[in-house]
Amino acid sequence: MAFAQLAIAQEKQEITGRIQADSIEAPIHIINVTQEKGTVSDKAGNFKLEVKENDLLLISSVQFQRKEVQITSKILNQKILNIKLLPALTELEQVRVHNLSGNLKEDIADIKVIDMPVIKVPPVPRSVIPRGTPNEAFNASQTQAPAGGNILGLVGLITGKPNFGSLSKSESKALNEREVINTLRNKFDDYFFTNHLKIDSNHIMNFLTYIFENGFQQKLLKEERALDLVVYLEIKSKAYLKSIAD
């Protein structure tokens, strides 16, 4: 019996999923980070995806908060996965309004001034190419996922670049540090760095320099490695944030 359960856990199985959320207005992306495959939900939140035990799923949508789910033996046995998503946080933080006396001189004297720390950020290299408007929709003939999703298209939706992967063709020659950083910077928009990777906009160039200096592999810039690149940046962003916190 134990051997049979182990064999089942090691085999890929197709599970049926359902996103539980209010008013789904756009497809929700479900990416199997472990298997590097993905799919999208329908308007009702239904989807199907091949998984194995311990696979990590990333559920991403601009409408809802990002969520990660690890596949367990219980989910495999039930073959059904219900995922509850919370709305994205778009509300403004609470603003405290101080009571004023009406006497301008007294009110100004009562205002406390706080010295904010200055973060030194190097200027953006002149060679950085200004990013223009997003290009046309991604070509449907790009690499397709077995479950019916367009992998590069899914990554493009997450990163804010519909034509992700077509911006950098694989080249035989090795790129220098400046070329790699510029290529990465133009692949992703600010929203991907600040909301998906949690990198402050003032630290984006520092972060890209950090990953180059810590063994970045240029093969990740190839079109067919689009999903690998996103996963790699997610891992490195956590290490970078920890390094600057220390």
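This is a predicted model. The residues in question are I204, M205, F207, L208, Y210 and I211, each of them buried in helix 7. An α-helix has 3.6 residues a turn, so residues three or four places apart point the same way.

Two of the covering helices can be taken in turn. Two packed helices are described by the angle between their axes and the distance between the axes.

Helix 5 (residues 177–187) and helix 7 (residues 204–213) have axes that come within 10 Å and cross at roughly 125°. Angles of 65 to 115 degrees would count as roughly perpendicular and those over 145 as roughly antiparallel; helix 5 and helix 7 are therefore oblique to each other. The crossing of helix 5 past helix 7 is right-handed. On the helix 5 side the contact is made by E177, V180, I181, L184 and R185, and on the helix 7 side by I204, M205, L208, T209, I211, F212 and E213. Sorted by class, the residues of this contact comprise eight nonpolar, one polar and three charged.

Apart from neighbours within four places in sequence, I181 is in contact with M205, L208 and T209. I181 and M205 are 24 residues apart along the chain, and their C-alpha atoms are separated by 7.6 Å.

Helix 7 packs with helix 8 at an angle of about 105°, and the axes are 10 Å apart. That angle makes helix 7 roughly perpendicular to helix 8. From helix 7, the residues N206, F207, Y210 and I211 meet Y232, L233, K236, S237, A239, Y240 and S243 of helix 8. This contact of helix 7 with helix 8 has seven nonpolar, three polar and one charged residues. I211 also takes part in the contact between helix 5 and helix 7.

Two further features complete the walk. Just after helix 7, G215 takes a positive phi of about 85°. As for aromatic rings, a search of the whole structure finds six aromatic pairs, and F188, F192 and F193 form one aromatic cluster.

Methods:
Residues are numbered from 1 along each chain as its sequence is written. This is a predicted model: local features need pLDDT of at least 70, side-chain atom pairs count only at pLDDT 80 or more; totals for chains, interfaces and linings use all residues. Side-chain values use heavy atoms; hydrogens and water are left out. Axes are lines fitted to C-alpha atoms, for helices over the stretch in contact, and angles run from 0 to 180 degrees between N-to-C directions. Helices (H or I, at least four residues) and strands (E, at least two) are DSSP runs, numbered from the N terminus. Angles under 35 degrees count as roughly parallel, over 145 as roughly antiparallel, 65 to 115 as roughly perpendicular and the rest as oblique. A crossing is left-handed if the near helix is turned anticlockwise from the far one by less than a right angle, and right-handed if clockwise. Contact means heavy atoms within 4.5 Å. Ala, Val, Leu, Ile, Met, Phe, Trp, Tyr, Cys and Pro count as nonpolar, Asp, Glu, Lys and Arg as charged, and the others, Gly among them, as polar. Buried means under 20% relative accessible area, exposed over 50%, partly exposed in between (1.4 Å probe, protein chains only). Rings of Phe, Tyr and Trp (its six-membered ring) pair if their centres lie within 6.5 Å; planes under 30 degrees apart count as stacked, over 60 as edge-to-face and the rest as tilted.
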